[in-house]
Structure formats: C-alpha cells, structure tokens
Amino acid sequence: MTASAHAPAPAHVHYTTTGLDNRKIAIWAFIGSECMLFASLISTYLIYKGKSRVGPYPHEPWTNPLTGQTQAGILDIPITSASTFVLLMSSLAMVLALAAVQNKHIPKPTRGDRILGSSQLWLFTTALLGAIFLGFQAFEFTAFVNEGLTIKTNLFGSTFFTLTGFHGAHVTVGVIWLVTLLFIDRRRNLGPADALNVDLCALYWHFVDVVWIAIFTLIYLIE
Amino acid sequence: MAHEHVPQNPPTGSHAEAHGHPAAEHVHPTARTYFMVGAILTIITIIEVWAYYIPALVASRIFVPALLIMSAAKFVIVVMFYMHLKYDHKLFRSLFAGPLAIAVVTIIALLLLFGQLGDRLRG
C-alpha cells in the first residue's frame, strides 16, 4: 500500500472559521479533558500507594489473617503484559482499518493489497482484540476478588479498581463504537466519504491505548 | 465560533484542505510504517517486562526513570504515528498537548503535596 491521501471532498463537508471539521476539534478537546480525568485517577492511586493498612498489596508479600499464610503481591505481571500486547496490537489494527477506509477507491491488484484494504477485517480485528483485553481484565478482577481484594478492602483496592475500572469502561465504549462501525461497513461499505467518522473512533481508541501504556508502567511495573 | 454551512474558507476541491490541512501536511504513513511502529511498541514493552524480572535492575536507581522514559516513548510514538498528530493540523496538537501538560503538572503537584515525592523531599 502506498502513502495514503484523502479522497475528493464529500458533498456534505461543512466549512468552518478554522477550516477544520467541528467533530474532529470536538474529539481532540474531549481527549484533552479525558487526559485530566485519568491524571486525577492516576495521581489518587499514586498518593495512596503503600498506605494500605491491610493486604493484599500490589507487589509486597502479605499475611492473610484468615489462613495465616504469607502470600506474594497480588498483581499478575505476565497476564497484564499479555493484555497490554493485545491492546497495542488493537491500535495497529485500528490504524489499518482507517487506512483501508481512506483508500477504498484505490484499486487493489494483489492479495496482500486486498487484505490490507479490507476495512471490515481490520475493524473486526480491532473489536475482537478490545474484547479480549476486556476478558483479561474480567479474569484479573475475578482473581483479585477470589484472593480477598475488593474495592472496599483497602486503599489499594479502592484506587486500583476505580482506575482500571474506568479504563475498562472506556474500552467497552470503544468496542461498542467499533462494532457499530463494522455493522455500517457490512451494510453499505464505508468509503473515503466516511473516513472522518472512522477517524474519530480511531482517535478515541488510540487514546484508550495510550492511557493503558501509562497505567501499565505506573501501576504494574513500578514497585 | 464555527459557522456551519457558511463557506468562511472556500472549498478548493481538496478534502485535505476542507479539513484544514495543507495538502503537503496531510500525507499519512504507509502500512509498512504502521507495522514498524507496532514492532517498535512491542519491543519496548518486552524490554520493560524483561527489566521488571531482573532484581538487580529493579533495585537500581535507573529502573524507575528508565521505565518512565520507555513508557513516554511508547506514548509519544502512538500519538504521533497512530493518532497522526505528527501529520495533522497544529490546533489538534495544542488541544492535546495543553491539557496533557496540565494533567502531568497536576500529578506532580499532588504527589509533592501528599504522596511519595513529598515524603522523600521531607526526608
């Protein structure tokens, strides 16, 4: 696939004082406000880090008062690393979906071009990877609850579940948005005229990804 | 304030310009670039996780700064290449960078006031 450029302007383009589409300005402003939301959640987690009076703790060993057994830190790095990889790859699939929609009008002579140019394939892949990420998160939350960590257990539980729960809710909204686009694509083939609608979803999806990049390092890897 | 349907910026026939991007700025990367970026992100993530499992490295003073730098690099790469901020209009950069700067300053200020950084500074 060669460098992509936008197709000719659709008839319904609205010209504005900035020359930019209102919807794209709105999504960037929304993403900016979301930065501050997640900053407040991350800083709350970091402020209360290490201040829980009872376990379980994220990295440090703790003694279970019911069984008297000493257990390791509760965070499961291998599982979270896998889910991080899944979310990163979903961003790759999303950007390929957008490129496929933008370049729908370009002929695709080879099989490779046809695969790269299939917006339905990449939208489906992105939604699937997002759903797999949510599956990992559901698994992690269930394991934590079984080990005795709930949102009410200690400061770590409260701040951790609030932060990652908010992120998971954002991923859920993203998956719903992607599935909606996939249905529209199946019904009437998204083309270059729809590129902005896919772009808005892509920006939201990549933002959810970059938030997880920060969460993974600050919450999971730094002890 | 934006005025819809009013051709303040008359159409020039280019979708790129209709969206406020000079044509030269609006060329997106190729699929090859996207795959390369994906590979770089994966490699950085592998290095981060690998570093986590080396006790000597975790105990050293460079561990946290190194992780923060790698995380910041991943953040910037996704924003620049996947979110196309490198190629898009400057206004979008401002709309993102402004609140992001406020967010980072807020985290640092709160940590200095209440958290780990404040404890360290107070000795």
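Modeller: Let's start with Leu88(A). Leaving out residues up to four places away in sequence, Leu88(A) touches Asp209(A) in its own chain, and in chain B it touches Gly38(B), Leu41(B), Thr42(B) and Thr45(B). Keep in mind that this is a predicted model. Leu88(A) sits in helix α2 of chain A. Is Leu88(A) buried or exposed? It has 24 other C-beta atoms within 10 Å, and the cut-off for buried is 20 or more, so Leu88(A) counts as buried. For a sense of distance within the chain, take Gly130(A): it is 42 residues away from Leu88(A) in sequence, with 9.8 Å between the two C-alpha atoms.

Leu88(A) is one of the residues of α2(A) that make the contact with α2(B), as we'll see in a moment. The axes of these two helices come within 10 Å and cross at roughly 170°. An angle over 145° counts as roughly antiparallel, so that is how α2(A) and α2(B) run. On the α2(A) side, the contact is made by Ile77(A), Ser81(A), Thr84(A), Phe85(A), Leu88(A), Met89(A), Leu92(A), Val95(A), Leu96(A) and Ala99(A). Facing them from α2(B) are Ala31(B), Tyr34(B), Gly38(B), Leu41(B), Thr42(B), Thr45(B), Val49(B) and Tyr52(B). Sorted by class, that contact has 13 nonpolar residues, 5 polar ones and no charged ones.

If you skip its neighbours within four places in sequence, Leu96(A) is in contact with Leu116(A) and Trp122(A), and across in chain B with Ala31(B) and Tyr34(B). Leu96(A) turns up again in the largest nonpolar core, which has 74 residues. The members that touch the most other members there are Ile42(A), Val95(A), Leu96(A), Ala97(A) and Val198(A). The biggest giver is α6(A), with 21 residues. As background, nonpolar side chains tend to be buried together in soluble globular proteins.

The axes of α1(A), residues 22-48, and α5(A), residues 155-188, come within 9 Å and cross at roughly 160°. That makes α1(A) roughly antiparallel to α5(A). The crossing is left-handed.

α1(A) passes α5(B) in a right-handed crossing. The contact of α1(A) with α5(B) has 21 nonpolar, 5 polar and no charged residues.

Two loop residues are worth a glance. Asn189(A) lies in the loop between α5 and α6 of chain A, and His84(B) lies in the loop between α4 and α5 of chain B. Neither is glycine, yet phi is positive in each: near 50° for Asn189(A) and near 60° for His84(B). Their surroundings part ways, though. Asn189(A) is exposed, with 12 other C-beta atoms within 10 Å, whereas His84(B) is buried, with 20.

Finally, step back to chain A as a whole. It has 6 helices and 2 strands, in the order α-β-β-α-α-α-α-α. Its C-alpha atoms fill a box of roughly 70 × 45 × 25 Å along the principal axes. Of its 223 residues, 45% are buried, and Leu88(A), where we began, is a buried one.

Note on methods:
Residues numbered from 1 in each chain as written. Chains lettered and ligands numbered in written order. Predicted model: local features only at pLDDT ≥ 70, side-chain atom pairs only at ≥ 80, totals over all residues. Axes fitted to C-alpha atoms, helices over the stretch in contact; angles between N-to-C directions. Helix = DSSP H or I, 4+ residues; strand = E, 2+ residues; numbered from the N terminus. Parallel < 35°, antiparallel > 145°, perpendicular 65-115°, else oblique. Left-handed = near helix turned anticlockwise from the far one by under 90°. Core = buried A, V, L, I, M, F, W, Y, C linked by C-beta atoms within 7 Å. Contact = placed C-beta atoms within 7 Å. Nonpolar A, V, L, I, M, F, W, Y, C, P; charged D, E, K, R; others polar.
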